[in-house]
Amino acid sequence: MAAAINIAFEAPDNLHGLTPAQQRPIDLVHLATQTKGDKAVESEILQIFARQARGCLVAMTSGRSKVDVKAAANRLRNAAMAVGALRVAAAADLVETKGANDDALASVAAAVLEAEHFILKLAR
């Protein structure tokens, strides 16, 4: 009996790992929580996010001032967190905190592209 209680209350193996929903470019569980499960709202929000992400990416890579790049990275990070695009948020956070070097911008571009493809697949 004591062994069963210990097993029941042990921390899960994935305590510090990503859940399957968080391994996708968009965490659909998070998005469903934000939209209360309304699929039409989810779709609209993802389309808005895709447009905003592309705009922020253009703003970060168009050779603007460091302040403009940091502001665009901040907007992208916040939007990504709102929809559950965790890789986009992490990449944008690096640009915001560490600066816009070529590797950081490439990471943001790759994460945005991955999220866009995922959103397009969902829209089919």
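Helices here (H or I, at least four residues) are DSSP runs, numbered from the N terminus. This is a predicted model, in which local features need pLDDT of at least 70 and side-chain atom pairs count only at pLDDT 80 or more, while totals for chains, interfaces and linings use all residues. Residues are numbered from 1 along each chain as its sequence is written, and side-chain values use heavy atoms, leaving out hydrogens and water.

**View A. A53, a residue of helix α4.** Beyond its neighbours within four places in sequence, A53 is in contact (heavy atoms within 4.5 Å) with L76 and V112. A109 lies 56 residues from A53 in sequence, yet their C-alpha atoms are 9.4 Å apart.

**View B. Helices α6 and α7 packed together.** Here α6 (residues 86–98) and α7 (residues 102–123) make an angle of about 160°, and their axes are 8 Å apart. The two helices are therefore roughly antiparallel (an angle over 145 degrees). Axes are lines fitted to C-alpha atoms over the stretch in contact, and angles run from 0 to 180 degrees between N-to-C directions. Where they meet, α6 contributes R87, V88, A91, A92 and V95, and residues on the α7 side include A104, L105 and V108.

**View C. V95 and its surroundings.** Setting aside residues up to four places away in sequence, V95 touches M60, V69, A73, A100, A104, L105 and V108.

Notes
Angles under 35 degrees count as roughly parallel, over 145 as roughly antiparallel, 65 to 115 as roughly perpendicular and the rest as oblique.
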